[in-house]
Amino acid sequence: MPRLLADTAPLRVPAFRRLWWGLGISNLGTQLTAVAVGLEVYSLTGSTLAVGILGICALVPLVVLGLYGGALVDHFDRRKVALLASTALLVVTALLAAQAWAGVDSVGVLYALVAMQSAASAVNNPARSAIIPRLVPPTQLAAANALQTLAWNVALTGGPLLGAALVAWHGYEVAYTLDMVLFVASLYALWRLPDLPPETPDGAAPVGRRGVGLSSVLDGLRYLGTRPNLRMTFLLDLSAMVLAMPRVLFPAVGVLWIGGGEATTGALTAAIAVGAVLASALSGGLSSVRAQGKVIVGAISAFAVAVIGFGVVLLLAGETDPDTVVVWALVAAIVVLAVAGAADSVSSIFRQTILQAATPDAMRGRLQGVFVVVVAGGPRLGDVVVGAQASWFGEGAAAVIGGCLCLLVVAALAVTQRRFLAYDGANPTA
């Protein structure tokens, strides 16, 4: 059992423990709001594509500020950068609550607020991620990432369920307001951290404020261009998130295919997280895995197969606009989506570990910025891609097509980048 269960050794570090709890609680509110915004847009428009456009609104500021945010993290105190960005996120959440309480009912306002939220997240997330290797020793990085993934996916499980329930029972305004309250935990955890100025390559002194600009961003991209193993972690994740992420389908599935409306949307979103939680909670054996590249390729392939299974369930159920929940289809969909979540969790743990272990501290912020662009931007771009396919072919066919395309791309990458398959976690090389 000790080997099976998640390694909790990093929680013995007080700073990491506070950060883990604080981010976990605030992430619950973040996921609550993500579901609420999608449901609000769908209720105003009745369009899956309109929900998918939320992804475009978030993608542009994420790409621009994600890369620059990473440069800021490499040149300023990481604790202070994270605090400022988190404060901005709290303000945006307050604006979401205000528009809901005022009954604005404007899709344009929601798109604008999601764009502002994404801009703040693009700076906040690289700072948070770059902090972790400064709090725990290198031998505990995989365990720390597994714990971070566990907390994130616990939030991803409870957040959608709570968000859908609050929207159904009390409206969008209560959901957004609760997110504001929960976000305070994140600010507290960041406030309690020690100062964390970036280090020079030799670790001797802070870099300081010089060189924060386009040249710094380009330096990070050039560095990534010379590191094939780091590049592969991004390409593999993009193949899954852009081509096969099914979350944009869930609002329509709850109405047209399985029934149950908002409750089904929340259950399907949570199903992915349930699988991820189980994988993270039972991740004790992952700490000793050395063939991390092979595990990532296998995990993403399993994700694609599970998404194909989700599409098959929808096609078998049919687009019948049911008055009640189609129970067998809901259960089957939850099972295959849980498998997808478990596979994505394993991939995420090792992709983050490779990035942190194989990147020097002086470049860690900028590479984490790229990581944020890929991890957060990929699913948002996927919302548009899969949402468009759903408009053309239907939600069931869109899931099947996306999963098949993902499998083809992963196979091509694995064949052409064999060095990644030989990656050894005990001797990390970028």
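1. Three salt bridges are found when the whole structure is searched; a salt bridge is a side-chain nitrogen of Lys or Arg within 4 Å of a carboxyl oxygen of Asp or Glu. Side chains of opposite charge can pair when their charged atoms come close.

2. The model is predicted, with local features needing pLDDT of at least 70 and side-chain atom pairs counting only at pLDDT 80 or more, while totals for chains, interfaces and linings use all residues. Residues are numbered from 1 along each chain as its sequence is written, and side-chain values use heavy atoms, with hydrogens and water left out.

3. The secondary structure of the chain comprises 15 helices and zero strands. Helices (H or I, at least four residues) and strands (E, at least two) are DSSP runs, numbered from the N terminus.

4. Asp 195 lies in the loop between helix 6 (172-191) and helix 7 (214-225), whereas Arg 79 belongs to helix 3 (residues 78-101); the two are 116 residues apart. Asp 195 is partly exposed, at 48% relative accessible area, but Arg 79 counts as buried at 10%. Here buried means under 20% relative accessible area, exposed over 50%, and partly exposed in between (1.4 Å probe, protein chains only).

5. Another salt bridge connects Arg 351 with Asp 237, the closest N and O atoms being 3.1 Å apart. Arg 351 is in helix 12 (residues 327-358) and Asp 237 in helix 8, 114 residues apart. Both Arg 351 and Asp 237 are buried.

6. Arg 247 and Asp 383 also form a salt bridge, with closest N and O atoms 3.1 Å apart. Because Arg 247 lies in the loop between helix 8 and helix 9 (250-257) and Asp 383 in helix 13 (residues 361-393), the pair ties together parts that are 136 residues apart in sequence. Arg 247 is partly exposed, with a relative accessible area of 32%, while Asp 383 is buried at 8%.

7. Helix 8 (residues 228-244) has 17 residues and reaches 24 Å from its first C-alpha to its last, close to the 24 Å expected at 1.5 Å a residue; the expected span is 1.5 Å times one less than the number of residues.

8. Which residues have the most contacts inside the largest nonpolar core? They are Tyr 176, Leu 236, Leu 249, Phe 303 and Phe 310, in a core of 89 residues. A second, separate core of 32 residues includes Ala 144, Ala 151, Phe 183 and Leu 193. A nonpolar core is a set of buried Ala, Val, Leu, Ile, Met, Phe, Trp, Tyr and Cys residues joined through side-chain atoms within 4.5 Å.

9. Is Ser 118 buried or exposed? With a relative accessible area of 3%, Ser 118 is buried. Ser 118 sits in helix 4 (residues 107-135) and, leaving aside neighbours within four places in sequence, is in contact (heavy atoms within 4.5 Å) with Ala 58, Pro 61 and Leu 62.

10. Finally, the chain as a whole may be considered. Of its 430 residues, 59% count as buried. Along its principal axes, the C-alpha trace spans about 65 × 50 × 45 Å. Residues 24 or more positions apart account for 87% of the contacts with a separation of 6 or more.
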